[in-house]
Amino acid sequence: MSQSFDEISAQLRRRHRKSARLKWVSMGALGLAGLFLVLFFADMLVKGLPAFQQAQIQVQVDYSERAAELPLAAVQEDVRPLVSRGYLRLIPGRMEDNPELLGTTRMEWVMADAEVDQYLKGHHTRLSANQQAVVDRLKADGRAELRFNTTFFTSGDSKMPELSGIASAAMGTVMTLLVTLAVSFPIGVMTAVYLEEFAPDNRFTQLIEININNLAAIPSILFGLLGLAIFINFFGVPRSSPLVGGLTLALMTLPVIIISTRTALRSVPDAIRHAAFGVGCSRWQVVRDHVLPLALPGIMTGSIIGLAQAMGETAPLIIVGMVAFIPDVTASFSDAATVLPAQIFTWAGEPERAFVEKTSGGILVLLAVLITLNATAVVLRKKFERRW
Amino acid sequence: MTGHSAGEPVTRNEQANHELSVRVRDLNLWYGETQALRDINIDVYQKNITALIGPSGCGKSTFLRCLNRMNDLIPSVRIAGLVEMDSRDVNEAKMDEVALRRRVGMVFQKPNPFPKSIYDNIAYAPRMHDLVSRKADTDELVERSLRDAGLWEEVKDKLQEPGTSLSGGQQQRLCIARAIAVQPDVILMDEPTSALDPISTATIEDLMDKLKQQFTIITVTHNMQQAARVADYTAFFHLGELVEYNDTQTMFSNPATKKAEDYITGRYG
Amino acid sequence: MQTNQLLALFCGTLLVLGLIAFFLGRAKAAKVRAGGASMYAQPDQYAWFSVLSTAGPAIAVGVVGALAMLLLGTAISPLYLLAASLVVGCAGLAAGIRLVRPDFHARQAIERVIRFFLAGAALISIFTTFGILISIVGEAIRFFQMQSFWDFITGTTWNPGASFLAAAGRAEEGASAAQFGSVPLFAGTFMITAIAMLVAIPVGLLSAIYMAEFAPARVRTLAKPVLEVLAGIPTVVYGFFAAITVAPFIVDVAGFFGLEASFNNALAPGVVMGIMIIPFISSLSDDVINSVPDSMRQGSLALGMTKAETIRDVVVPAALPGIISASLLAVSRALGETMIVVMAAGMRPNLTANPLEDMTTVTVRIVAALTGDQEFASAETLSAFALGLVLFVVTLSLNLVSVIMIRRFREKYRINNL
């Protein structure tokens, strides 16, 4: 006779405890992953949000003859180290542009030095005790405050933290991604159309398929080596240019676009193809007029995701030289440029404390754009998702 | 229905054993808003084969899964009523469904051997339940279960090969061997031969006939000839209701209800 | 004339020729049709065919000429090339218009051309792989002509510092000869990869188990995209996080236990890389666990197994090929990861088993070799390609094994959505 329920239940107690343990441990693992994410974003926000503010101080600017020669003389000695050198350097130029300034003395809000900025934000600073006292006095008089940092969005890279911004890198990113998209989108869609709609199922087609899956998993830095050896050294594409960066990223983005386009094409039911063939369309007409329009949302989603990936990519761009120091915003495909992730990389290597803030600020901008792109892709997919 | 109280068969099969195994009273089951079982009353007797027949979607498989609480795996299911085994309501809060399933084994429609060797497919559960610990005991249990399932001669030389390497009929017998290795009281079979060829089906039917010496078998079948061949008692389900529960011979020769007669004579189904 | 101007001229003339071809072709087809002949294709299709027959040969001549100049160094005057391609274009135009006849299958001709173009696009991916292979192998061979292959594979000292002197023909002045023993680089790479896997595999797999087996549907639909965010964060950002936040934290914790840790310790990039890789493992494992047939779980539960026993002894073993495949992909990813280690790991080749020390990796040295102001032909620059070759071979093999395993799994359960 077999055991009673109670006997079995008693034996099972230990096993049930173990079972519950797996549930809690696995839930903890997921929680841990989530915790990483929260910690990471919190850390970036705490470090990066101050970058969107910049200290300004109100000082007396003396547009004297001497200041035209020696800009340092334009402000009084006690506040001189507190004013951004970048601002002082502009004074002679402004006096040339506006001759009526000569000989006047004005109270002006000017950009403060990065050290003042750090001091006002409560970070470690290299200001001397005296200088700190001056800043405290200015602050008490309402002559020093943190304002929204427009420079961060309008200027290019600089050796002075308070003058550096992401504008040139953002422009470089736009130019590079334009090249990437212009190359990888048509080739990717054409490849996918060929493989899904035209190609015979033979060895060669299988080879292409395996190859595409493989390309998707090759380390990105190897694409950089390809860009260096083939595009720059062989074809003579200018180093550091958005052209070479874009081409390199295009080859990396290609598999993403091909794979997502194929999925989109495959989700178009055969009934539609058969119907179109039935009214006498040729294969290309079927694809162009019926299949592609239906697959378009899926293709767009995949392309956006591929573009977002390319946008965050750094390693291959370093290899092709896109870590240049670019102080001015230029829109050219062949001149040296940098991109946002590369700018982040450059700033991360700067020793000044103020650059940590700039780096984190740049990261926040990059993450915001990436999240927007990915959210767009998700919305697009949700909106056009169709069940046949 | 006259001459018998709720849950008892209309006509008694005098050759059958009549010790009670499972007593079901006023069992109702809902999938979300849809009611799948209505007021089921049935007494299942020990060491018999009870066949559940009826058209697709009539609730026979759902009913079978109430007996070992496999319906717990579906979140939207709600159950009311009594399913009693060994004087205990299997649905009561303190009933451990794992303990219940140890006493109520199950064989599924499609053979589902584990991704393990033939030997481990059988030894796995008894080892976990501490039924065996020494190697010699385990070997003996594996051999006995495979012999009881009529598979020993075919697999004794390849016990370490994966269970999936067997043919469909062999896999199903492996699953039966796996179920009897834990020595349950009841074995539920959910259309155990529907995925098999006629020869494998015949083998399994013979096997069921042997196994009823040791176990209470409740089987769902689509195949009325099979019910007629192997079962002692047959229950006919229709639209979630138990229409008729009767001695198999009477059920197929002289059913008490019109619906059962229509179904058996093939008027619908 | 400048190349740009020549190109503009070429494009402009071609555009005009194309327009002429289009309208001539359509007009002729319309005329033939108006004459009562029944044609195989629409007038527009004849028009497009004329355009193709004009532009196609012209562009082909231009491209072949340009490639000949670039590859073979043949001195062709760009002006002659321009003229030649335009003449060919005109000839193509004439031929195209001549072919506008009722018995000519313009539509089929266009289809053939389109098919040809599509197949050509598909070839680009093959060219990319070959491009990577050729560029790496070519330079790597140059490297091995300078340095012994055996020393590269077995040497334990990586000291390329003196190689630029050798490249400048001043080898004798260098204090010591450059050494390219890659063992410490690979040791560092494997150490950091191993740390990453120690983080990613347990967390990823357990998360997948929770999502697939325990979590309510609502948690699952929320958790999956949230985890994917981890995979979408750019590696340069992870690198910064590892260097600025995690590494100092590890130094502090190690200090608390009386251990000394370098600020470039291997643990920080390893752990952060592991976090990055979690979604690769969890996402694929979740898919694989979900595709294990439910009948397996039921079979186990029906024998009186608890849920955890079912998962551990039945579901996970059944899903194992897929899980291993996911892990191999993750390893390949970790080996090739660059930015995290460039920013957070050390530059010093260091053969040690202590993860708190600084050590360097293959990818760090590749970047270091190619971002300095080295002569391209110097052994140090070329060593990047030798390292790249090894990286390529290793990741390629891992990917292939992974693909084969997932294919086996798919065949076993006849699943097509993986």
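A:Thr104 sits in the loop that runs between α3 (85-97) and β2 (105-111) of chain A. That is a handy place to start looking at this predicted model. Is A:Thr104 buried or exposed? A:Thr104 has 12 other C-beta atoms within 10 Å, so it counts as exposed, the cut-off for that label being 12 or fewer.

**Chain A and its domains**

Chain A splits into two domains, with domain 1 made of 50-91 + 105-149 and domain 2 of 167-384. How far apart are the centres of domain 1 of chain A and domain 2 of chain A? Taken over C-alpha atoms, the separation is 44 Å. The contact between these domains involves 8 residues of domain 1 of chain A and 7 residues of domain 2 of chain A. On the domain 1 side, the contacting residues are 4 nonpolar, 3 polar and 1 charged.

In secondary structure, chain A has 15 helices and 3 strands. Its radius of gyration is 30 Å, whereas a compact globule of 388 residues would have one near 21 Å.

UniProt, in an unreviewed entry, places the feature "transmembrane region" at residues 21-42, 166-195, 215-237, 243-265 and 361-380 of chain A. Two of these spans can be checked against the model. Residues 21-42 of chain A are 100% helix and 0% strand, with 30 Å between the end C-alpha atoms. Residues 243-265 of chain A are likewise 100% helix and 0% strand, and their end C-alpha atoms lie 30 Å apart.

UniProt also lists, again from an unreviewed entry, "domain: ABC transmembrane type-1" at residues 170-377 of chain A. In the model this span of chain A is 77% helix and 0% strand, and its end C-alpha atoms lie 21 Å apart.

**Chains A and B in numbers**

The table sets out some overall values for the two chains.

| Chain | Box along the principal axes (C-alpha atoms) | Buried residues | Contacts at least 6 apart in sequence that join residues at least 24 apart |
|---|---|---|---|
| Chain A | roughly 95 × 75 × 40 Å | 46% of the 388 residues | 75% |
| Chain B | roughly 55 × 40 × 35 Å | 50% of the 269 residues | 70% |

Chain B holds 10 helices and 10 strands. With 269 residues, a compact globule would have a radius of gyration near 18 Å, and the 19 Å of chain B agrees with that.

Now zoom in on strand β3 (residues 49-53) of chain B. Why can β3 of chain B be called largely enclosed by the rest of the structure? Because 5 of the 5 residues of this strand are buried. The burial applies to both faces of β3(B): B:Ile49, B:Ala51 and B:Ile53 are on one side, with B:Thr50 and B:Leu52 on the other.

Which strands pair with β3(B)? One of its partners is strand β8 (residues 216-220) of chain B, which pairs with β3(B) in the parallel sense over 4 bridges. In this pairing, B:Ala51 stands opposite B:Thr219 of β8(B). Strand β9 (residues 233-238) of chain B also runs parallel to β3(B), and 4 bridges join them. Here B:Ile53 stands opposite B:Phe236 of β9(B).

**Where chain C comes in**

Chain C touches both of the chains described above. With chain A, the contact takes 69 residues from chain C and 65 residues from chain A. On the chain C side, helix α4 (residues 106-146) of chain C gives the most, with 19 residues. By class, that side of chain C has 45 nonpolar, 18 polar and 6 charged residues.

With chain B, the contact takes 20 residues of chain B and 16 residues of chain C. The elements that give two or more residues to the chain B side are α2 (97-103), β6 (104-107), α3 (118-128) and α6 (168-181) of chain B. By class, this side of chain B has 12 nonpolar, 4 polar and 4 charged residues.

Key. Residues are numbered from 1 along each chain as its sequence is written. Chains are lettered from A and ligands numbered from 1 in the order in which they are written. This is a predicted model: local features need pLDDT of at least 70, side-chain atom pairs count only at pLDDT 80 or more; totals for chains, interfaces and linings use all residues. Domain bounds come from an automatic or database domain assignment. Two residues are in contact if their C-beta atoms, placed from the backbone, lie within 7 Å. Ala, Val, Leu, Ile, Met, Phe, Trp, Tyr, Cys and Pro count as nonpolar, Asp, Glu, Lys and Arg as charged, and the others, Gly among them, as polar. The radius of gyration is taken over C-alpha atoms; the globule rule is 2.2 Å times the number of residues to the power 0.38. A residue is buried if 20 or more other C-beta atoms lie within 10 Å of its own, exposed if 12 or fewer, and partly exposed in between; C-beta atoms are placed from the backbone. UniProt positions are given in the numbering used here, feature names are shortened, and annotations may be inferred rather than shown by experiment. Two strands pair if DSSP finds at least two bridges between them.
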